[in-house]
Amino acid sequence: MSPKPDTDAPQQPSFIPCGWIGGFSGKPPGQPYPNTALLDSLPFEENLTNIKNITRMLRAKWPEFSWPTTPGDADTRQYQMFAPDISRLGYDDTGRVWSIICPQQGVYFPSLGATVNIEVTVTGNKGWIDENAPKDTLFAADITIKPTIWFTSDSVDGWFWQLLLKFDKVCDNKLPLSKLKGIRINAADEGGKPGIQVRMGERPDYPFPDRTKHWRDYAWAVANLAVRIGNIDSTGNAKADEFNSWVMDLFNTGSGNLLLAGNVLTWNLWAGSPELVNQEEWQNHAQYWRYSIDVNHRPPEGEGSSIADFNGTPYDPGVGVLVAKAGAFVVWIKWELS
């Protein structure tokens, strides 16, 4: 079988499942994309409060991220695909968007018996979609987000987890040992506005290498967004805040400053074609995905990619630096407990 051609046009044929009504986008003929008047008129919705309204979805199967390790220096730009098939756009038969699930990533540390989890947590969403529209005007949405970082463990008996549990008591149970108590990071659009625009097409400001493009994988459409990373929220406990600062420093050292305050994180979301929604499955989707990471140390749909530059050279955080910082972190915790 000959390979699929690598072209700029989608290879997947359009397929719209039964039940589509449309009309919510309210886009008159000739009006420029997107219909910002409609977006501005909509309230931000919470992701879990309108599942009963969701009948259709797009799976954002391939979330391709990009950021500079040194803010403002294009030569330091890195690329990474987060774990596939966690992100989704959920909407009703008329095209009103009710829920947007954004990417997650889990990094397992065997020596610690623990996983560091990162999620682009959506705190509000609003938008519209028109399944019959051209792919460059398919949908538009605005979201508010707070990236979240937290730990999970193989076993409550592991030495590192036991250390964290002891220190958690000192910190009034405010360490990020669950998503509910995770490190919460403020984020806005590039201009500092809280509403972040999700728009069609690849991100125009920064080129992405060919390996990050998924038309060859039968992607149906692609959208993009950009986020300026802010500071982390205070827990109200000084020791917990200091702990979280240590975690963020370690995470940014290992990830090439992915979540460094002031850095701009961009990504392209490559989506499959429209699907009908099983609301029970939608409700359990993130929990199922999270369970796989916690138990098997891998996403249910496979791994993402490693961090690499435009040419594919892997990012080297400096193992010695990471080990030294991790060791100093553990020593600091033990000192605080002594």
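User: Before we start, what do buried, exposed and partly exposed mean here?

Analyst: Buried stands for under 20% relative accessible area and exposed for over 50%, with a 1.4 Å probe and protein chains only. The class in between is called partly exposed.

User: Thanks! Is Asp-85 buried or exposed, and where does it lie?

Analyst: This is a predicted model, in which local features need pLDDT of at least 70, side-chain atom pairs count only at pLDDT 80 or more, and totals for chains, interfaces and linings use all residues. Residues are numbered from 1 along each chain as its sequence is written, and side-chain values use heavy atoms, with hydrogens and water left out. Asp-85 has a relative accessible area of 12%, so it counts as buried. Its place is the loop between strand S2 (77-81) and strand S3 (87-91), where strands are DSSP runs (E, at least two residues), helices are runs of H or I with at least four, and both are numbered from the N terminus.

User: What is the phi of Asp-85?

Analyst: Asp-85 is a residue other than glycine, yet its phi is positive. The value is near 65 degrees.

User: Which class of accessibility does Tyr-218 fall into?

Analyst: Tyr-218 sits in the loop between strand S9 (196-200) and S10. Though not a glycine, Tyr-218 has a positive phi of about 70 degrees. Its relative accessible area is 37%, which means that Tyr-218 is partly exposed.

User: Where is the cis peptide bond at Pro-34, and what is its omega?

Analyst: Pro-34 belongs to the segment before helix H1 (36-41). The cis bond joins Tyr-33 and Pro-34, with omega about -5 degrees.

User: How does the radius of gyration of the chain agree with that of a compact globule?

Analyst: The radius is taken over C-alpha atoms, and the globule rule is 2.2 Å times the number of residues to the power 0.38. For 338 residues a compact globule would come out near 20 Å, so the chain agrees with its 21 Å. Along the principal axes, the C-alpha atoms fill a box of roughly 70 × 40 × 40 Å.

User: How many helices and strands are there, and what share of the residues is buried?

Analyst: The chain holds 5 helices and 13 strands. Of its 338 residues, the buried share is 50%.

User: Which residue in S10 is the bridge partner of Ala-187?

Analyst: Two strands pair if DSSP finds at least two bridges between them. Strand S7 (residues 139-153) runs antiparallel to strand S8 (residues 183-188), with 2 bridges joining them, and Thr-148 has Arg-184 as its partner in S8. S8 also pairs with strand S10 (residues 221-232) in the antiparallel sense, over 3 bridges. There, the partner of Ala-187 is Ile-229.

User: How far apart in space are Glu-190 and Arg-228?

Analyst: Glu-190, in the loop between S8 and S9, counts as partly exposed because its relative accessibility is 26%. Leaving aside neighbours within four places in sequence, its contacts (heavy atoms within 4.5 Å) include Arg-203, Tyr-206 and Arg-228. Glu-190 and Arg-228 are 38 residues apart in sequence, and C-alpha to C-alpha they are 5.1 Å apart.

User: Which residues is Asp-309 in contact with, beyond its neighbours within four places in sequence?

Analyst: Asp-309 lies in strand S13 (residues 308-309) and counts as partly exposed because its relative accessibility is 21%. Pro-209 is 100 residues away in sequence, with 8.9 Å between the two C-alpha atoms. With those neighbours left aside, the contacts of Asp-309 are Arg-77, Gln-78, Tyr-79 and Arg-211.
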